[in-house]
Amino acid sequence: IILSSAAPAITIPTLFGLQLKGYGTDKDIPTLIIAASSFDEMLSLAFFGIPLGIMYTSDSIWMDIFRGPVGITIGLTVGITWGLLLKHVPEMWDEFVNIIRTLLLGLGGMMALLAGDIFGYESAGPIACMVASFISCHGWRSQGYTDQNNPVANCFAILWGIVQPILFSLIGGEVDLFSLGGEIVGLGLAVILGGLVVRLLVTVLIVSGTKFSWKEKLFVALSWFPKGTVPAALGPTALDLGRILHTHHGATASSHLLIVAILSILVTAPLGSLLLNLLGPRLLTRPHRASQDITIIDVGAFSELNSGVVNRGFIYRCRR
């Protein structure tokens, strides 16, 4: 489950760049991959708690399995409710609408995560965060936001730029270089590469019933290659729970799991980003009307929504 999710932090910016240039837009391939990767990450976070509950709790196995669907239901309910509320609170005319929306969305997500841990439904928090973001952004589009001009998303992009180095530094500090034996690294790479090959073949098989060409099918499969934030976030969690067992076997197995998660990031993230950027223009087609590249010539600090309200944010002024 830790290794299953692709890295939206790598695939989504690359796909947005290809989409702006028109690649794959005639068949909505970038939109398909972005939606699928987000759903895939939500499933990974949701089902992560099931095996952990089986291994680290004294409840019956059926209670642990039942806790998974309940957590998903709670997360969906909380996320939808919070997302619908953020569409209307605060009003669009508020001077600090974007700042308030950013704070409410971020603090609401933190409250959902903490509440899920307290009540024993760890999967509910991450699901509530993702669903609330999806619902609220969908509502804000009707008020003038676009994919390219979303001041709240820009705020979170800045916050992510601050938090991301901290996250990866913390998991890097947990790795003991003296425990990196050749057997662990070799078996870890075999698990990672074997899983990637199987997933590539299965992805091509799944999209075989569509009107995609073989090049487009290959690109869809390659978009699942890079790993990133999910292994970085879930690997240390498994390590902490392994230490709770107070047994040598539990701590060793969790340490090995973290090493494999880090290996998956080191191997697939740079290689996947390189493959998507290099092969995207070669494997995807674009309509004739989008044959010219978009060049960014100016970056502003303000944006004006369709409603006429001027809000702080970022907007790219582009010319073809």
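## Helix α5 and the residue after it

Just past the end of helix α5, G120 adopts a positive phi of about 85 degrees. The model described here is predicted.

Helix α5 itself covers residues 97-119, which is 23 residues. From its first C-alpha to its last it reaches 32 Å, close to the 33 Å expected at 1.5 Å a residue.

The buried residues of α5 are V97, N98, R101, T102, L105, G108, G109, A112 and G116. An α-helix has 3.6 residues a turn, so residues three or four places apart point the same way. Steps of this kind can be followed in the list of buried residues, which includes V97, R101, L105, G108, A112 and G116.

## Helices α8 and α9

Helix α8 spans residues 182-206, and helix α9 spans residues 214-222. Their axes come within 9 Å and cross at roughly 135 degrees. Angles over 145 degrees would count as roughly antiparallel and 65 to 115 as roughly perpendicular, so α8 is oblique to α9. The crossing of the two helices is right-handed.

On the α8 side, L200, T203 and V204 make the contact. On the α9 side, K217, V220, A221 and L222 take part. Sorted by class, the contact of α8 with α9 has 5 nonpolar, 1 polar and 1 charged residues.

## The whole chain

The protein chain contains 11 helices and 2 strands. In sequence order, the pattern is α-α-α-α-α-α-α-α-α-α-α-β-β.

The chain has 320 residues, of which 38% count as buried. Among its contacts with a separation of 6 or more, 74% are between residues 24 or more positions apart.

Definitions and conventions:
Residues numbered from 1 in each chain as written. Predicted model: local features only at pLDDT ≥ 70, side-chain atom pairs only at ≥ 80, totals over all residues. Heavy atoms only, no water. Axes fitted to C-alpha atoms, helices over the stretch in contact; angles between N-to-C directions. Helix = DSSP H or I, 4+ residues; strand = E, 2+ residues; numbered from the N terminus. Parallel < 35°, antiparallel > 145°, perpendicular 65-115°, else oblique. Left-handed = near helix turned anticlockwise from the far one by under 90°. Contact = heavy atoms within 4.5 Å. Nonpolar A, V, L, I, M, F, W, Y, C, P; charged D, E, K, R; others polar. Expected span 1.5 Å × (residues − 1). Buried < 20%, exposed > 50% of the residue type's maximum accessible area, 1.4 Å probe, protein only.
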